[in-house]
Amino acid sequence: MATDEHPTTITIFVYGTLKTGFPNYHVLSDFLTAGDISLLSPSATTAAPYPLVVGPRAVPVPFLLPLPSAAGSHLVSGELVSVSPRALSALDSFEGVPHGHYERRPVVVKTAGEGAKELEAQAYFAHRGFAEEMWRRSGEKGFAEYTRDMALHYVKDQDRPHHITTLAQVIATFLHNQMP
């Protein structure tokens, strides 16, 4: 329920680099300190199977694909956070929503442990314009979790080439098997 002190928040399912202790967690931690984000559940999964793929070595970025129950997909593990409108705007920008990198879409998730429940959240999915091709290029094999071992190969934005956007890198390397 929204009040004057607590504006409406949105529940976000994070499954990749934004998870606690992962390469981009700092994006959330600044908002946690300011009270714009709170951890709702450190352990949740999608209620339906989804493909989770990780880009190739040059751009090893995790992508949840908007292809529910595709053969070869899994229930995907992640965390649930509640975000303020201010934090949501920053996350949309960080995830490249205005540039067509990710789309924020609804997803049903289940929390774990005692008092487990199913609820609606939103997650950042690969843009539908290239999701099916990513799935095909991945051999239609996804992961159930973006792990710490996978995150060891993640290349932060500041360490990527600056003459090309992240989306262009993903398309060039993941979809066309070319180096930018």
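# Briefing: core, helices and aromatic pairs

Phe63, Tyr102 and Phe130 form one aromatic cluster. They belong to a predicted model of a chain with five helices and seven strands. Of the 180 residues in the chain, 46% are buried.

**Overall layout**

- Taking contacts between residues at least 6 apart in sequence, 72% join residues that are at least 24 apart.

**The nonpolar core**

- The largest nonpolar core contains 44 residues, and Phe13, Phe63 and Leu65 have the most contacts inside it.
- Strand E7, residues 118–126, gives the most to this core, contributing five residues.
- With neighbours within four places in sequence left aside, Leu65 is in contact with Tyr50, Pro51, Val53, Phe125, Ala126, Ala131, Met134 and Trp135.

**Helix H1**

- Helix H1 spans residues 25–34, and Val27, Leu28 and Phe31 are buried in it.
- Seen down the helix axis, the buried residues of H1 fall within an arc of 90 degrees, so they line one face of the helix.
- These buried residues pack against strand E2 (37–46) and helix H2 (85–94).
- The face of H1 turned away from the buried side carries Asp30 and Thr33, which are exposed.
- Just after H1 comes Gly35, with a positive phi of about 85 degrees.

**Helix H2**

- In H2, the buried residues are Ala87, Leu88, Leu91 and Asp92.
- Around the axis they cover an arc of only 140 degrees, which puts them on the same side of H2.
- The elements covering the buried residues of H2 include E1, H1, E2, strand E5 (77–83), E6 and E7.
- Gly96 follows H2 and has a positive phi, near 75 degrees.

**Aromatic pairs**

- A pair of aromatic rings is described by two values, the distance of the centres and the angle of the planes.
- The count of aromatic pairs comes to five.
- Phe22 and Tyr146 form a tilted aromatic pair, at 5.8 Å centre to centre and with 40 degrees between the planes.
- Phe22 lies in the loop between strand E1 (10–14) and H1, and Tyr146 lies in the loop between helix H3 (128–137) and helix H4 (148–151), so the pair ties together parts that are 124 residues apart in sequence.
- Phe22 and Tyr146 are both buried.
- Phe22 also has a charge over its ring: the charged end of Lys19 sits there, 4.6 Å from the ring centre.

**Thr111**

- Thr111 is found in strand E6, which covers residues 102–111.
- The relative accessible area of Thr111 is 14%, and a residue counts as buried under 20%, so Thr111 is buried.
- A polar atom of the Thr111 side chain lies 2.8 Å from the backbone nitrogen of Lys117.
- Not counting residues up to four places away in sequence, Thr111 touches Ser41, Ser43, Ala44, Leu80, Ala116, Lys117 and Leu119.

Key
Residues numbered from 1 in each chain as written. Predicted model: local features only at pLDDT ≥ 70, side-chain atom pairs only at ≥ 80, totals over all residues. Heavy atoms only, no water. Core = buried A, V, L, I, M, F, W, Y, C linked by side-chain atoms within 4.5 Å. Buried < 20%, exposed > 50% of the residue type's maximum accessible area, 1.4 Å probe, protein only. Helix = DSSP H or I, 4+ residues; strand = E, 2+ residues; numbered from the N terminus. Contact = heavy atoms within 4.5 Å. Polar contact = N/O pair within 3.5 Å; in protein donor to acceptor, adjacent residues only side chain to side chain. Arc of directions from axis to C-beta. Phe/Tyr/Trp six-rings, centres within 6.5 Å; stacked < 30°, edge-to-face > 60°. Lys NZ or Arg CZ within 6 Å of the ring centre and 35° of its normal.
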